[in-house]
Structure formats: structure tokens, C-alpha cells
Amino acid sequence: MRSALVRTGAAVAVAALLTSCSGGGESTEEPKGLTAAEACGGFAGDAAATAALKAVLGGERFQDFFSKPDKALSGLRDAAAAPWADSYRPQPVTYCGLRPAEGGPKDLKIEVGAVRAAPAVDERLADKVTYFTSGLRAYSSSGLGKLYFSCRLKAPAHEIVVETSIWGPGGVPEADLEQRTRLITLGNAAARAVSAELGCEGDGLATGVPAQARP
């Protein structure tokens with residue numbers, strides 16, 4: 001009996017030693033989800049957009065949520081080539097949709113679509129949104145941001161105005177000014193990616209975090 005106990009004790013000691021040498025049994029499984037540099041074609045790969053994306057969705061990795069970048073870009077190209085009658089109303093398309101990799105109620109949606117012109121400044125919104133300097137017009141509340149930029153394409157296509165809409169997670173206080181900056185930073189990064197894909201000229205989009213502007 002004593003010999004059996006000695007052998008059992010020795011086996012346990014060897015197993016413990018092997019576990020210690022192999023890193024304490026730590027998992028080698030790769031983290032799930034996409035990094036900011038991988039999500040939606042990497043539009044949020046620069047430092048400012050990466051920080052904004054992590055803060056908005058509250059995580060390091062993300063899962064795609066019905067993104068249709070190819071359809072979004074195709075719709076903009078079609079709009080630039082089409083004659084614009086009074087009844088022409090191109091529908092916006094989700095360029096990027098993301099959720100935290102671990103799930104949860106938070107999500108982010110960025111839509112793009114062609115419009116006739118950027119809206120004028122509405123002074124009635126002065127206490128509800130923050131205006132920023134990028135493109136033709138840019139502003140954001142804590143839940144929704146809008147950014148408009150001009151895209152000149154080569155003939156026979158004509159110039160269009162691209163509306164970028166950034167829908168953030170719900171439940172964020174309206175007084176959260178930092179969230180407004182985060183959303184417009186992500187919208188600006190997506191707009192820059194769209195502009196580059198289309199080959200737009202003279203888009204006037206900011207680099208990094210857009211500066212605040214007077215209404």
C-alpha cells in the first residue's frame with residue numbers, strides 16, 4: 001500500500017511540474033472577433049478611429065453586423081453616373097455594421113448615400129449637436145452623427161454629395177460631448193475610406209479627429 005501511495009504522489013508531482021513548464025495551463029486559443037484594423041475593410045485602423053471604436057462599443061474585438069460595403073460603393077457610383085431628375089432619391093446603404101465580439105446590446109452602423117446637397121447650419125440644433133470641421137458639413141449628437149462631403153469623379157460621371165450617417169449605441173446621455181466626437185471621428189474615417197475607394201477629388205475631409213466648428 002505504501003508503495004502505491006508513493007507512486008501516486010510521484011505521478012502527481014510530475015504532472016504538476018509539466019503543467020508549470022508548459023505555462024500553467026494557459027489557453028493558446030486565438031481571441032475571437034475582428035480587430036479594429038480588420039473590421040469593415042480596416043477603415044478604423046488609424047489610432048484615432050481605433051480608440052473611438054473601442055470606446056463606442058466597449059471592447060477590443062468586434063463582429064460584423066450586416067455590412068454591405070460593395071453595395072454601398074456601387075450605389076454611389078451609380079448615383080454619380082445617373083441623371084438626377086426631381087424624383088431621383090438614392091437609398092442609403094450600410095457601409096459598416098459592427099457589434100462587440102462577445103455580444104451584447106451595443107452596435108454601430110455607418111450608412112452612405114448620395115444626396116443633392118449638404119444641409120445648411122440649423123441654429124435650432126446648437127444645444128443638441130456639436131458641429132465639426134470636415135467635408136462640407138459635419139455634426140453629431142451622442143447617438144447620431146452626419147457628415148457630408150463632395151466627390152468629384154472622372155467624366156462622364158458627375159459630382160455628387162455623399163451623406164455619411166453614424167448611428168451609435170442607444171442610452172448614451174445627450175450631454176456626453178466625448179461621444180459626439182467619437183462618432184464623428186468614426187464617420188470621418190469611414191468617409192475617407194469611401195472617398196479613397198471611389199477616387200474622389202477635393203473631398204475636404206479631415207485627418208484623424210475633426211476639430212470642433214462654430215455653428
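**Loops, helix packing and salt bridges in a predicted model**

Cys 40 is buried because its relative accessible area is 13%, under the 20% cut-off. The model is predicted.

Q: Where is Cys 40 placed?
A: Cys 40 is buried, at 13% relative accessible area. Its place in the chain is the loop between α1 (2–21) and α2 (47–57).

Q: What is the phi of Cys 40?
A: Most residues other than glycine have a negative phi. Cys 40 is not a glycine, yet its phi is positive, at about 50 degrees.

Q: Is Phe 66 buried or exposed?
A: Phe 66 lies in the loop between β1 (62–64) and α3. This residue also has a positive phi, near 60 degrees, without being a glycine. Its relative accessible area is 64%. The cut-off for exposed is over 50%, so Phe 66 is exposed.

Q: What is the handedness of the crossing of α3 and α4?
A: The two axes come within 11 Å of each other. The crossing of α3 and α4 is right-handed.

Q: How many nonpolar residues does the contact of α3 with α4 have?
A: From α3, the contact takes Leu 73, Leu 76 and Arg 77. From α4 come Val 194, Glu 197 and Leu 198. Leu and Val count as nonpolar, Arg and Glu as charged. By class there are 2 charged residues, no polar ones, and nonpolar residues numbering 4.

Q: Which residue meets Glu 60 in a salt bridge?
A: The whole structure holds 5 salt bridges. Glu 60 is exposed, at 54% relative accessibility. The N to O distance is 2.8 Å, and the partner is Lys 54.

Q: How far apart are the closest N and O atoms of Asp 122 and Arg 124?
A: Arg 124 is exposed, with 68% relative accessibility. Asp 122 and Arg 124 form a salt bridge, and their closest N and O atoms are apart by 3.0 Å.

Q: Are Glu 163 and Lys 146 buried or exposed?
A: These two form a salt bridge, with the closest N and O atoms 3.3 Å apart. The pair links distant parts of the chain, 17 residues apart: Glu 163 in β7 (residues 160–167) and Lys 146 in β6 (residues 144–151). Both residues are buried.

Definitions and conventions: Residues numbered from 1 in each chain as written. Predicted model: local features only at pLDDT ≥ 70, side-chain atom pairs only at ≥ 80, totals over all residues. Heavy atoms only, no water. Axes fitted to C-alpha atoms, helices over the stretch in contact; angles between N-to-C directions. Helix = DSSP H or I, 4+ residues; strand = E, 2+ residues; numbered from the N terminus. Left-handed = near helix turned anticlockwise from the far one by under 90°. Contact = heavy atoms within 4.5 Å. Salt bridge = Lys/Arg side-chain N within 4 Å of Asp/Glu carboxyl O. Buried < 20%, exposed > 50% of the residue type's maximum accessible area, 1.4 Å probe, protein only.
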